[in-house]
Amino acid sequence: MSELSTSEIDLSQLKRNQHEHHCSESVERWTIEQIEALYALPFNDLLFQAQTVHRNHFDANAVQVSTLLSIKTGGCSEDCGYCPQAARYHTGVENEPLMALDDVLQAAREAKANGASRFCMGAAWRSPKQKDLEPVLKMIAEVKSLGLETCATLGMLKQGQAEQLKQAGLDYYNHNLDTAPEMYGDIISTRTYQDRLETLDSVREADINVCCGGIIGMGESRSQRAGLIAQLANMSRPPESVPINLLTQVEGTPLYGTDELDLFEFVRTIAVARITMPTSYVRLSAGRQSMHEGIQALCFLAGANSIFYGEKLLTTGNPEADADRQLFAKLGIHPI
Ligand code: SAM
Ligand code: DTB
Ligand code: SF4
């Protein structure tokens, strides 16, 4: 049990934390104990705090809308225990070549016509080879010229690659920490937490916005969920975009069959991310297909203000665009 009483995690504490954030690069803004104390609040108190923080920084009825496209699917050499695209697991996902530029642009035009403001291109690579990066740079430049924000998630970056992506017009790079440091080795063995932090540093140094979050529902403890949030919130600059994914269990992956997370715990995680990262967009990411509209509405109340929009994530399903339009209309949410 945490020794902090919940009254210590009040809004004045939050304000102090935010102040420190602007004054120092090295302050540990959030301890795991403080984050656990947020998790332990009565649900309504937690949501009230999160919504209050949210309203101080954002339009409470605006949700950013991104569309994902898997530009290179399957056949990945890594062993991420959640991922249907790892070649070593038998999930039915085939190894496909990099998509042709015209097909990517067609998908981007459709995403824009459907109301997306950002187009995220994902590739099942450990790290892009230079010969693979060249055509992706072209895709980024062309997608950008359609008037969309661009995002890419291509794995670890080597020296100089982030700069090339920036030059091509990349607005955001997605690279997730996925879980708390002490849980990480149980999920992935083919690259380290430190590798991930180094890629994130290169992205920052190249002046590309950072999109970084994780997955919950992988069998972690609440304290480990708090550990992931602490890693993100204590970055010298927290990520501009924080995707919170609920594990989508895919048959054939090692994490298939993990006990399902209580969805109120998912909502709590969104609220805790919102409170600890007040100026970041918090994205309600994978897993929406297994969430009733009521749970999604609670996530928006808890401060989620971004979603993936369109029938598919990378290889798994996402709610129909029509269903999302209706949900937004019912909640009076406008897409941005
Ligand atoms: N290969 C690159 C990498 O790993 O950085 C980019 C694509 S990878 C699929 C992007 C992220 O998707 C992962 O870091 C993970 O957080 C998320 N993801 C993958 N499979 C998932 C699943 N089954 N459920 C939830 N999130 C998942
Ligand atoms: C992120 O955090 N979630 C997205 C995106 N970044 C690339 C991916 C979710 C993938 C879900 C499993 C799949 O569709 O393959
Ligand atoms: Fe490969 Fe990325 Fe999937 Fe890991 S998450 S197996 S690196 S595609």
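Q: How much space lies in the largest cavity?
A: About 810 Å³ of space lies in the largest cavity of this predicted model. A cavity here is a set of points on a 1 Å grid over the protein atoms alone where a 1.4 Å probe fits but cannot get out. Grid points are joined across faces, edges and corners, and the volume is the space filled by probe spheres set on the points.

Q: Which residues are closest to its centre?
A: Of the 39 residues that line the largest cavity, Tyr82, Cys83, Gln85, Asn176 and Leu314 are the closest to its centre. Lining residues have an atom within 4 Å of a grid point.

Q: What classes are in that lining?
A: It divides into 23 nonpolar, 11 polar and five charged residues. Ala, Val, Leu, Ile, Met, Phe, Trp, Tyr, Cys and Pro count as nonpolar, Asp, Glu, Lys and Arg as charged, and the others, Gly among them, as polar.

Q: Which strands each supply at least two residues of it?
A: Strand E2 (118–123), strand E3 (149–153) and strand E7 (241–246) do. Strands (E, at least two residues) and helices (H or I, at least four) are DSSP runs, numbered from the N terminus.

Q: Before the ligands, what are the ground rules?
A: Residues are numbered from 1 along each chain as its sequence is written, and chains are lettered from A and ligands numbered from 1 in the order in which they are written. Local features need pLDDT of at least 70, side-chain atom pairs count only at pLDDT 80 or more, totals for chains, interfaces and linings use all residues, and side-chain values use heavy atoms, with hydrogens and water left out.

Q: OK, ligand 1. Which residues come nearest?
A: Tyr82, Thr153, Asn176, Asp178 and Thr248, of the 16 residues around ligand 1. A residue counts as near if one of its heavy atoms lies within 4 Å. The space ligand 1 takes is the largest cavity; a molecule sits in a cavity if more than half of its atoms lie within 2 Å of its grid points.

Q: What about its polar contacts?
A: Those are pairs of N or O atoms within 3.5 Å. Oxygen atoms of ligand 1 are 2.6 Å from a side-chain N or O atom of Asp178 and 2.9 Å from one of Asn176. A nitrogen atom of ligand 1 is 2.9 Å from a polar backbone atom of Thr248.

Q: How much of ligand 1 does the protein cover?
A: 91% of the 550 Å² of accessible area that ligand 1 has on its own, by the Shrake-Rupley method with a 1.4 Å probe.

Q: And where does ligand 2 sit?
A: In the largest cavity. Its shell has six nonpolar, six polar and no charged residues.

Q: What holds polar contacts with ligand 2?
A: A polar side-chain atom of Asn174 lies 3.1 Å from a nitrogen atom of ligand 2. Alone, ligand 2 exposes 400 Å², and the protein buries 88% of that.

How values were computed:
A polar contact is a pair of N or O atoms within 3.5 Å; within protein, one must be able to donate a hydrogen and the other to accept it, and residues adjacent in sequence count only if both atoms are side-chain atoms. On a 1 Å grid over the protein atoms alone, a cavity is a set of points where a 1.4 Å probe fits but cannot get out, and a pocket is an open set with protein on both sides within 12 Å along at least five of seven lines; lining residues have an atom within 4 Å of a point.
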